[in-house]
Amino acid sequence: MSHNGKLYIETVGCQMNMLDSELVVGALRQKNYELTSDIKAADTILFNTCSVREHAEHKIYSQLGRLKFAKRQRPNLVIGVMGCMAQKDQELIFDRAPHVDLVAGTGQLAEIPRLIDESRATRERRTALSLGRRDGSRDEVAGSFESYDPLRDPEMRPSPYQAFVRIMIGCDKFCTYCVVPATRGPEQSRPPSQILSEVRTLAGQGVKEVILLGQTVNSYRHTENGQLFRLSDLLSLIHDTPGIERIKFVTNYPKDMTTDLLEAVRDLPKVCRYLHVPAQHGCDEQLKRMKRGYTIADYREMMARIREIVPGCAVSSDFIVGFCGETEEAFQKSMDLIRECRFKNSFIFKYSARPGTKADDLWSDDVPEDVKKWRNNEMLALQNSISEEDNADFIGSTVTVLCEGPSKAALKKYGQPVENRSDSSNAFTAGNPAGTETHKLQLMGRTDCDRIVVFDGNPRLSGSLVEVDIHDCTPTTLLGSIVTHALTHGMEFTLPVVF
Ligand code: 5AD
Ligand code: SF4
């Protein structure tokens, strides 16, 4: 059944969710849906949800609440909840928001187009859910979570030059605070041949940078034709794909940061020297309670190996503050670890007790909210000062940047790029008087080490590697201007680009 309707989708959460949304939108567009950014104009509304923290769920439930009346005014409307909250709350979503028509878990995305059609045609509710972790044998549960990786619609990617590639789904680490093993099911790696063919297709569509995704991406293991592939082998396999210039992978699990992987990062020039390896905490007792599977000594040993094998590699981390039983002394140990490791950046989260997790069953959420907030701010201030100091070291140097397009500030000033990217070489200027051919805009991109760089330039530079002289910085950003290398009489010198 084909439908000439309008789809509105809202995505919260991690990069895996961004990819899932891209793929679902692509599938619906093939069925003649048009994407709209106006929720009032839509006849299909999807929420791709996150359950990692309570706050994210609250926001979705209050958004759903607001749609109660829209449903009365537009009886043809189909409202769907997909992603982690759908798998976790299941039918409970219908109790809390009776006007929801569709609930589809993370392992059931392929079903969504059909279920939307059915729900609209019958005006009945539809659910598509995978098994709970205790609802069958490992194989049965794993079989109920399907990796969803259909052919892409290149126009749907957030950037035409970058693409996420899922290399595994699920998680088997069962950190005591975390819902992901329940919402995304057992850890399953995709076959290397499928990943390679996806990377080749993406390269053919103009993608320059692939970001390999997995909840614990460096736990990747898959045996194909009798050969075991680890992440290091997979990186070698896809490395020489023509057109691909950069390869990144997120998120890493400290215990699985093996030497073969670090050597691959060192030896394969297209692999970015950037590793996101969440420590979560700096105190052994807390790590044990979190069931992270390593001690601070182990994490230190890993950091030393990264520094030794991949000099100059940027490392970023996640931290949770205010976890059950976290004393001031324990918190200070996290601060010490940040001082010692000098992460490029850290994502800092206040502990949010999640029903169904081991931590929630075993311990009380005993750190008061104002203490969590204070620790969060202290940690943020420390990390920012380190990030700014380290960024300042780049002032006066020249860095290579993969230009991603107009910066956030430019987008705010001149509006969003056009939705239809058929003319992707000049996506921003099409239909936008401010961004004419000769107009200089503030552009952004990233270095090999994932440092964000902003500089003025023509939006046509999007998707190319440019050299940028750095002259200033903030904790999060390097500021610079483009240089170009000109070869005159065999002498190379640099000069500013003239527009
Ligand atoms: N509360 C707060 N932060 C959490 N994270 C995961 N679960 C929770 C929770 N219950 C954080 C971890 C993880 C990141 C994606 O979210 O730091 O690395
Ligand atoms: Fe959650 Fe731990 Fe798995 Fe990360 S490794 S997704 S924190 S259970």
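A disulfide is a pair of cysteine sulfur atoms within 2.5 Å. This is a predicted model: local features need pLDDT of at least 70, side-chain atom pairs count only at pLDDT 80 or more, and totals for chains, interfaces and linings use all residues. Residues are numbered from 1 along each chain as its sequence is written, chains are lettered from A and ligands numbered from 1 in the order in which they are written, and side-chain values use heavy atoms, leaving out hydrogens and water.

**View 1. Cysteines without a disulfide.** The structure holds zero disulfides. For Cys-14, the nearest cysteine sulfur is that of Cys-84, 6.4 Å away. Cys-14 is partly exposed, with a relative accessible area of 35%. (Buried means under 20% relative accessible area, exposed over 50%, partly exposed in between, with a 1.4 Å probe and protein chains only.) Cys-283 is in no disulfide either; the nearest cysteine sulfur, that of Cys-324, is 13 Å away. Cys-283 is buried, at 3% relative accessibility.

**View 2. The largest nonpolar core.** A nonpolar core is a set of buried Ala, Val, Leu, Ile, Met, Phe, Trp, Tyr and Cys residues joined through side-chain atoms within 4.5 Å. The largest one has 55 residues. Ile-167, Leu-212, Leu-231, Leu-235, Phe-249 and Tyr-299 touch the most other members. Helix H13 (residues 296-309) gives the largest share of this core, six residues. Helices (H or I, at least four residues) and strands (E, at least two) are DSSP runs, numbered from the N terminus.

**View 3. Around Leu-235.** Beyond its neighbours within four places in sequence, Leu-235 is in contact (heavy atoms within 4.5 Å) with residues including Leu-212, Ile-247, Phe-249 and Val-271.

**View 4. Strand S13, enclosed.** Five of the five residues of strand S13 (residues 246-250) are buried, so the strand is largely enclosed by the rest of the structure. Arg-246, Lys-248 and Val-250 point one way; Ile-247 and Phe-249 point the other way. In a regular strand the side chains alternate between the two faces of the sheet. Strand S10 (residues 209-213) runs parallel to S13, joined by five bridges. Ile-211 stands opposite Lys-248 in S13.

View 5. Two strands pair if DSSP finds at least two bridges between them. The strand order is S2-S1-S3-S4-S5-S6, with parallel pairing. Strand S2 (34-35) and strand S6 (126-128) are the edge strands, and each pairs on one side only. Three bridges join strand S4 (residues 78-83) to strand S5 (residues 102-104). Leu-102 in S5 is the bridge partner of Gly-80.
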